[in-house]
Amino acid sequence: PVSLPPLRERSDDIAMLVYYFIEKYSARVGRWVEGVDLETMDRLTSYHWPGNIRELQNVIERALILANDAVLKI
């Protein structure tokens with residue numbers, strides 16, 4: 001087993017994970033975004049993430065499905 005601290009203790013990793021999940025799910029959902037709104041990124045990095053990385057993954061996938069713009073906003 002690999003032991004890692006919870007996502008809430010690794011807020012510097014959140015932006016990297018957000019862009020990774022955008023790249024991963026864009027083709028699947030058929031939505032292409034060029035970036036993430038600054039306010040959205042601030043919200044994502046300041047959130048407590050009790051569901052850890054899986055919760056972040058689900059939030060990004062859902063946001064891509066609902067995206068209407070080239071900039072991802074949550």
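Helices (H or I, at least four residues) and strands (E, at least two residues) are taken as DSSP runs and numbered from the N terminus. The structure is a predicted model, in which local features need pLDDT of at least 70 and side-chain atom pairs count only at pLDDT 80 or more, while totals for chains, interfaces and linings use all residues. Residues are numbered from 1 along each chain as its sequence is written, and side-chain values use heavy atoms, with hydrogens and water left out.

On this basis the protein has three helices and two strands, which run α-β-α-α-β from the N terminus on. The radius of gyration of the protein is 12 Å, close to the 11 Å that the globule rule gives for 74 residues, so the protein is as compact as a globular protein of that length. Here the radius is taken over C-alpha atoms, and the globule rule is 2.2 Å times the number of residues to the power 0.38. Along the principal axes, the C-alpha atoms fill a box of roughly 35 × 25 × 15 Å.

Of the 74 residues in the protein, 34% are buried; the term means under 20% relative accessible area, with exposed over 50% and partly exposed in between (1.4 Å probe, protein chains only). The protein exposes about 5,100 Å², of which carbon and sulfur atoms supply 51%. These areas come from the Shrake-Rupley method with a 1.4 Å probe, and for residues only the protein chains shown count as cover. Contacts are defined by heavy atoms within 4.5 Å. Among contacts between residues at least 6 apart in sequence, 71% join residues at least 24 apart.

Rings of Phe, Tyr and Trp (its six-membered ring) are paired if their centres lie within 6.5 Å; planes under 30 degrees apart count as stacked, over 60 as edge-to-face and the rest as tilted. By this rule there are three aromatic pairs. Phe 21 and Tyr 25 form a tilted pair, at 6.4 Å centre to centre and with 35° between the planes. Both residues lie in helix α1 (residues 14-29), four residues apart, about one turn of the helix, and both are buried. Together with Tyr 20, Phe 21 and Tyr 25 form one aromatic cluster. Tyr 47 and Trp 49 form an edge-to-face pair, with 4.6 Å between the centres and 85° between the planes. Tyr 47 is partly exposed at 39% relative accessibility, whereas Trp 49 is buried at 2%.

Two further residues of helix α1 were examined. Val 18 is found in this helix and is buried, with a relative accessible area of 0%. Not counting residues up to four places away in sequence, Val 18 touches Val 36, Met 41, Leu 44, Leu 56 and Ile 60. The C-alpha atoms of Val 18 and Gly 35, 17 residues apart in sequence, are 9.9 Å apart in space. Ser 26 also lies in helix α1 and counts as buried at 2% relative accessibility. With residues up to four places away in sequence left out, Ser 26 touches Arg 31, Trp 32 and Leu 64.

Gln 57 is placed in helix α3 and counts as buried at 19% relative accessibility. Leaving aside neighbours within four places in sequence, Gln 57 is in contact with Phe 21, Lys 24 and Tyr 25.

Most residues other than glycine have a negative phi. Trp 49, in the loop between α2 (38-46) and α3, has a positive phi of about 50° although it is not a glycine. Asn 52, in helix α3, likewise has a positive phi, near 60°, and is partly exposed with a relative accessible area of 29%.

Asp 69 is found in the loop between α3 (52-66) and β2 (71-72), and at 42% relative accessibility this residue counts as partly exposed. The C-alpha atoms of Asp 69 and Glu 34 are separated by 9.1 Å, with the two residues 35 apart along the chain.
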